[in-house]
Amino acid sequence: MPEPAIDVGSRAETASRGTPESAYAWTRLFAALLLSAIGGVGMWSVIVALPAVQAEFGVARSAASLPYTVTMICFGFGGILMGRLTDRFGIVAPVAGGTILLGLGYAVASQATGLWQFILAQGLLVGVASSATFAPIIADTSLWFTRHRGMAVAVISSGSYLAGTVWPPVVQHFIQSGGWRRTYLGIAVFCVATMLPLALVLRRRSPLAATTSATPHLGAWSPRPLGMSPAALQTVLVIAGLSCCVAMSMPQVHIVAYSGDLGHGAARGAQMLALMLGAGVVSRLASGWICDRIGGRRTLLLGSTLQALALVLFLPFDGLASLYILSALFGLFQGGIVPAYAVIIREFFPPEEAGVRVATVLMATVFGMALGGWMSGMVFDLTGSYQTAFLNGILWNLLNIGIAIGLLRRPGRPAYSTG
């Protein structure tokens with residue numbers, strides 16, 4: 001007996017809302033983008049607050065850089081934890097829990113009476129909480145797209161850059177007008193009020209993850225991706241992520257302080273950071289389009305090479321106009337690197353492993369930013385100049401280029417699920 005028409009219609013509606021590339025998938029993508037942009041404040045507010053925190057607590061530049069470093073370390077480990085929770089329970093629980101923790105973290109940080117208290121609030125609370133809106137959301141989004149996976153990953157990866165574009169000038173304005181403590185309290189209230197409603201849009205589980213969990217042997221996934229064991233490929237990608245972001249951190253973490261040291265002012269530096277990350281949004285979208293056509297490995301090599309070029313250009317130019325131009329160029333050149341790692345993982349690993357594997361590699365990129373941010377501050381304390389810090393970044397970037405070339409020369413083609 002044929003099924004009633006109402007059941008057929010219900011199934012058709014479910015398919016239209018719950019399949020990759022569907023209208024729901026795109027709606028979900030842009031809700032996730034907003035979540036990522038708002039939750040990304042945890043990575044950028046501490047950079048803008050660095051001079052004010054340093055002045056209030058009376059510490060050296062390297063010590064004032066520690067809150068950022070600890071935040072990023074906790075952000076990285078938090079991403080793995082949130083990725084495991086996402087693989088098991090879906091994205092809503094980590095995002096909702098992270099939102100509440102984020103608000104609590106900013107509230108506690110605003111009441112810190114010493115640098116160590118500020119570091120703990122930034123790292124253990126804000127860092128872990130912000131991680132829910134980065135790697136887990138990127139991994140979850142990749143499961144909702146097949147033909148346009150590169151573009152979708154690029155869009156959602158732009159959330160952190162949108163955060164870096166919008167938040168620095170906003171945070172700088174409120175720090176100047178009301179102090180960093182009141183600014184942190186305002187951030188706490190805003191994040192909770194906006195992020196919890198947005199999390200509800202992501203409540204539907206990925207159909208691709210559900211399918212592969214029910215039929216684990218479905219698909220054509222090589223036991224030796226690119227001629228390596230899965231663990232070896234994962235390790236290589238971790239090293240690549242670490243090296244590229246040590247290099248990337250020099251301009252991103254220290255451009256505000258660098259601008260102030262050159263006499264251009266911290267407000268100008270915040271504008272440069274916003275310009276850098278705004279250009280990075282354009283770069284990430286363009287790299288997504290490119291990635292869908294040439295693959296993740298070639299996109300990684302292209303982005304890494306262009307980032308090295310931009311770092312070299314920072315050495316001879318330090319005028320106000322030059323720094324604005326270089327900030328824009330740096331954003332345009334390096335924005336496609338981090339999304340390429342997620343695409344490579346989706347090309348060579350099964351989708352049910354996406355949450356943990358993407359989070360692990362992106363944890364390495366976060367650690368690279370943390371290590372590079374601290375190293376640049378230490379080099380400045382030792383030399384009184386950022387020139388050597390730029391040279392250090394260039395050397396790390398060359399390591400990343402070498403890895404990208406090595407991956408491209410490895411035998412093997414991307415494996416795609418047949419489900």
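Helices, at least four residues in length, are DSSP runs numbered from the N terminus. In the predicted model examined here, helix α8 makes the greatest contribution to the lining of the second largest pocket, supplying eight residues. Two or more lining residues come from each of α2, α8 (149–178) and α9. By residue class, the lining of the second largest pocket consists of 11 nonpolar, three polar and one charged.

Two salt bridges are present in the structure. One is formed by the side chains of Asp 140 and Arg 28, with an N to O distance of 2.6 Å. Asp 140 belongs to helix α7 (residues 135–142) and Arg 28 to helix α2 (residues 23–39), so this pair ties together parts that are 112 residues apart in sequence. Both Asp 140 and Arg 28 are buried.

A salt bridge also joins the side chains of Arg 181 and Glu 56, again at 2.6 Å from N to O. This pair connects distant parts of the chain, with Arg 181 in helix α9 (residues 180–199) and Glu 56 in helix α3 (residues 41–57), 125 residues apart. Partly exposed residues are those between the buried limit of under 20% relative accessible area and the exposed limit of over 50%. Arg 181 has a relative accessible area of 27% and is therefore partly exposed. Glu 56, at 41% relative accessibility, is likewise classed as partly exposed.

Terms used
Residues numbered from 1 in each chain as written. Predicted model: local features only at pLDDT ≥ 70, side-chain atom pairs only at ≥ 80, totals over all residues. Heavy atoms only, no water. Salt bridge = Lys/Arg side-chain N within 4 Å of Asp/Glu carboxyl O. Buried < 20%, exposed > 50% of the residue type's maximum accessible area, 1.4 Å probe, protein only. Nonpolar A, V, L, I, M, F, W, Y, C, P; charged D, E, K, R; others polar.
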